[in-house]
Amino acid sequence: MALSSIFCSTRLISTSLVTVNSASHTCYVPHKQRKSEFPLPAVASVPYQPINYDYLQEEFNGLGVTFEEAGGDSCMAKMELKNGSTATLLLPSGLITSYKAPMWHGGKVELLHTAVSEGEYGHAIIQGGVSLNFNFQTIHDDDGESWSPTNWVLHNIKGNAEESIQVELINRAAEDKIGLKYIVTLEEDVLSSELEISNPKSLPLQMIGSILSHLTVSTPEATYAIGLERSNYCIKPPFESGFVLSPPDSGQEEGDGKIWNSSPLKQLFPRWGANSQNSETEGSQGGIEEITGEEMESYKQLRDKLSLVYTNAPRSFTVIDRGRRNSVVIGRNGFEETYLYSPGSRVESYSKDAYICVGQAAVLQPIVLGPEEVWKGGQYLQNPNL
């Protein structure tokens, strides 16, 4: 059973590759008061429509998705397949907080790393997982305002628990600017995140940012990236957004400052992320020397602290964790850049802070959509351990 829109009026995105056809409709769902267990994560900047959990359960019954309240107006959509693969999607942030995959030994392993902390005003802030971190701006527009999508609502669910489940989200804030759809698909051995963007305006549209995935590992010292040999890379400061994790001592170790702190990413991405949407651009890129090179290691150990953007990497590469005896294949489509971050091996790395970050990006070279063009791109995490 499918529902075209649950929470708001929106603009539909055409599946054509060259034109955009629009239609508007409105559907509101009455709200039933529920008791909040903990405060709403501080990840959005516009009011949310209330969520009717009983209606969602009834409407999408039998499709392999269940809904739970996560505090306030926040909702968890849990996807589960018969083979044991599960994924959890948090609304309205669009953050994927969990991907549990079946392993060769018969058990299941959590592949994503997330963390919950308390915000300045007592709000629960959830970071890590798989997140969208993008900044959009209309080119040649006198206003020149840039914005970042943060408020996602459920648009449709397709599939079944036997083979695959597809959850489609749309962005309320994008209604009058662009057509923006986020599609999360759980298959027996793959979790994919795909963006579909249409530009209805008469001016070109520029997109900068990335899809980032925090992978939980035993320790970066036991983790290796395979398949990046001969790729060109550029050293960049660690990506920043409301969802990106940073180790407690990030950028404070001796010798790191010139690399990690010389160019804050907000210089590249003003208003990028939920916690920095209203910030102004500070500084300039002028006079900052970029450090570039060619990857010479086919079996790259991630024990050292690094933050690299690869410009001609293969469409997929593999991350192997010897400590947990599992691996993940990271692939992309539409994007031309691959991001790799390791906080380095420290004492804390053997505890809850053990993770690395991978992503598909448009950082060095923005993606530009002409008038009435449609662009699709995304990332998949494949589990080869069945």
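## Overall picture

What share of the 386 residues of the protein counts as buried? The share is 53%. The model is predicted. Its secondary structure comprises two helices and 26 strands.

The accessible surface of the protein is about 16,900 Å². Carbon and sulfur atoms supply 46% of that surface. Contacts can also be sorted by sequence distance. Among those with a separation of 6 or more, 67% join residues 24 or more positions apart.

## Confidence

The average pLDDT is 77. A score of at least 70 is reached by 72% of the residues. Two stretches deserve a look.

Residues 1–48 stay under 50 in pLDDT. The model still gives them 127 contacts beyond four places in sequence. Residues 250–288 are also below 50. That stretch has 73 contacts beyond near neighbours in sequence. Where pLDDT is low, predicted coordinates should not be read in detail.

## Aromatic pairs

How many aromatic pairs does a search of the whole structure find? The search finds 10. One of them joins F134 and F136. Their ring centres are 6.5 Å apart, and their planes meet at 35°, so this pair is tilted. F134 has 2% relative accessibility, so it counts as buried. F136 is at 1%, and it counts as buried too.

W152 and Y182 form another pair. Here the centres lie 5.6 Å apart and the planes are at 55°, so the pair is tilted. This pair links distant parts of the chain. W152 sits in strand β12 (residues 152–160), while Y182 sits in strand β14 (residues 179–187). The two are 30 residues apart. Are W152 and Y182 buried or exposed? W152 is buried, at 2% relative accessibility. Y182 is buried as well, at 0%.

Ring pairs also build a cluster. Its members are F134, F136, W147, F335 and W375.

Which strand holds H214? H214 lies in strand β16, which covers residues 205–216. Its relative accessibility is 0%, so H214 counts as buried.

The H214 side chain reaches the backbone nitrogen of L245 at 3.2 Å. Beyond its neighbours within four places in sequence, H214 touches several segments of the chain. Its contacts include L111, L112 and H113. G128 and G129 are on the list too.

## Cysteines

How many disulfides does the structure hold? The number is zero. In general, a disulfide is a covalent bond between the sulfur atoms of two cysteines.

C75 has a relative accessible area of 1%, so it is buried. C357 is buried as well, at 2%.

## N135 and strand β10

N135 is found in strand β10, which spans residues 130–138. It has 6% relative accessibility, and therefore counts as buried.

How far apart are N135 and S146 in sequence and in space? In sequence, 11 residues separate N135 from S146. In space, the distance is 6.5 Å from C-alpha to C-alpha.

Notes:
Residues are numbered from 1 along each chain as its sequence is written. This is a predicted model: local features need pLDDT of at least 70, side-chain atom pairs count only at pLDDT 80 or more; totals for chains, interfaces and linings use all residues. Side-chain values use heavy atoms; hydrogens and water are left out. Rings of Phe, Tyr and Trp (its six-membered ring) pair if their centres lie within 6.5 Å; planes under 30 degrees apart count as stacked, over 60 as edge-to-face and the rest as tilted. Buried means under 20% relative accessible area, exposed over 50%, partly exposed in between (1.4 Å probe, protein chains only). Helices (H or I, at least four residues) and strands (E, at least two) are DSSP runs, numbered from the N terminus. pLDDT is the predictor's confidence in each residue, from 0 to 100. Contact means heavy atoms within 4.5 Å. Accessible areas come from the Shrake-Rupley method with a 1.4 Å probe; for residues, only the protein chains shown count as cover. A polar contact is a pair of N or O atoms within 3.5 Å; within protein, one must be able to donate a hydrogen and the other to accept it, and residues adjacent in sequence count only if both atoms are side-chain atoms. A disulfide is a pair of cysteine sulfur atoms within 2.5 Å.
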